Amino acid sequence: MSVETFRPNEFDAERHYYPRTLNATLHPLVGSFMRMSTKRIISRYCNLHPLTSRERLTEILTTAPKHLHWSGSDVFNISTENGVKLKYIVETNSCPSGQKSFPLLDDDAEEGGYRRLLERTFLPLLRKRTRGETEGEVVVLYDKNPMEASGYAQVLATIMERPVHLVPCRASNPERYLAIEDRRLKVLLDGQMRDVLCAFRYVTQRPWTRLPINLRTPILNPIIACLAGGRNKTTASKAYDLFNSEQRAFGLEIQTPQSYTNVRKAEVPLAFQRLGGKAVVKVPYLNAGQGIYTLVSERELANFMQLDHPYDEFIVQQLVGNFRWSSTSSKGKVFHIGTVPDKHDAAYVFDIRVMVSWQETEYRPVAMYARRAPLAMSSEVPEKSDSWLVLGTNLSKKVGDEEWETEPKRLLMMDRKDFHKLGLGLDDLIDSYVQAVMANRAIDDLAQQLSKRGGGLRRDLFRSLNNDEELLNEVREDVRVKKNGSEAE
């Protein structure tokens, strides 16, 4: 991996989309949803949820975030025991994938969602933060998913009419091409460290180990958004709880699996029993399917307990599976509806990635896709096999210390061929979108509370939410130095 420079008007669609995506046609229903105005979305949602305050939902969808301007939520399509369909937020990711998997909304606009996100989210933020300044390099930072990261770099070069540099930011050597001076980002180009005007970030793996939380260089998204829930499942769960405590009276609630946070390893069996002997255990600070353990038997629990883990705390969540082997939570059981049965009568667990961003005056959907598990779901507990193969939907697979590959054959796109397999309608898409925006807002609200004036982290508050010493030691917070050599406040 080395720095690659992109120049205007050289977009190559074959490099930045899956081959299947290039040949796909967006399903008309999905296209209709993507074009719906916010006003129409609100009207339809409130019609279906009559106890929801229209004024409060409007406020949520049209109030600008401060830190998390772009995110992607993973959503389960589930049902309660009484047949009520719900959308569960499983997790929310800052800097999410999705562009390479989403068919073009307009056939003549081959830059698709890359351009929509950059033009309507990144550039307005850049103009606000740089105040007309143009000196310095424009960079896209990444650690995985070069297909999308390079797509952003190429389109950004075209929009800004200037070179844009795609810069690796690997965990093993984060300062190979980057440096931080006085909380400003610098990039190594042609043997010289040069100032960075702004950065678009696709660094997803524990980004707080590589970039300081109080960076002054404009960046989308800043690291505080990751610590507040964009890459931290523990704080995300608490952000959702805080949001729900304020919004439930207005008929709005982020639906999530029942969760136990700050669980030490020795306490995992107790949480497992509280959930009826079925649970999901997650290392809160990993992503792309890493550090997730689905436990449907005592055997899988025992296997988990034998493993060594780098962190002190876990999050233990209600397991959503088939109705006959889902967790028993305080609200009863919920279960996966699954894909529409295929010709072999097989149905699969799937989730929906809903990418949203703040676009100048309101939140808007950017891209969507679905992913199914490798093995079909059955009514019997998968005791003899790895339950993750029935429940896990992530497409990314780690094949080396910092190398990844994907399994696109399990990708279900929002096109004419795949969409009907999901059994979803317009109201399901609206419900998923509203859940994703509320999750974004909840994490941004917590990020604001965790931020000091000037960009630092309120460590005492963060520790009260996430008292994991290993994590706290990882968080970078650079000290700004005054000209006389003393530390700045």
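Author: Buried, in what follows, means under 20% relative accessible area, exposed means over 50%, and partly exposed lies in between, with a 1.4 Å probe and protein chains only. By that definition, buried residues make up 59% of the 489 residues in the protein. The model is a predicted one, in which local features need pLDDT of at least 70 and side-chain atom pairs count only at pLDDT 80 or more, while totals for chains, interfaces and linings use all residues. Residues are numbered from 1 along each chain as its sequence is written, and side-chain values use heavy atoms, with hydrogens and water left out.

Reader: What makes the protein as compact as a globular protein of that length?

Author: The secondary structure comes to 15 helices and 19 strands, where helices (H or I, at least four residues) and strands (E, at least two) are DSSP runs numbered from the N terminus. The radius of gyration, taken over C-alpha atoms, is set against a globule rule of 2.2 Å times the number of residues to the power 0.38. The protein has 22 Å, close to the 23 Å that the rule gives for 489 residues, so it is as compact as a globular protein of that length.

Reader: Why is the pair of tyrosine 152 and phenylalanine 200 called tilted?

Author: Rings of Phe, Tyr and Trp (its six-membered ring) pair if their centres lie within 6.5 Å, and planes under 30 degrees apart count as stacked, over 60 as edge-to-face and the rest as tilted. This rule gives 14 aromatic pairs. For tyrosine 152 and phenylalanine 200 the centres are 4.5 Å apart and the planes stand at 40°, so the pair is tilted. Tyrosine 152 belongs to helix α7 (residues 146-160) and phenylalanine 200 to strand β8, 48 residues apart, and the pair thus links distant parts of the chain.

Reader: How do you know that tyrosine 152 is buried?

Author: Its relative accessible area is 0%, and the limit for buried is under 20%, so tyrosine 152 is buried. Phenylalanine 200 likewise has 0% and is buried.

Reader: Why is aspartate 345 counted as exposed, and arginine 206 as partly exposed?

Author: Aspartate 345 has 63% relative accessibility and therefore counts as exposed, the threshold being over 50%. Arginine 206, at 25%, is partly exposed. Aspartate 345 has a positive phi of about 65° although it is not a glycine, and arginine 206 also has a positive phi, near 40°. Aspartate 345 lies in the loop between β14 (334-336) and β15 (350-358), whereas arginine 206 is in the loop between β8 (192-202) and β9.
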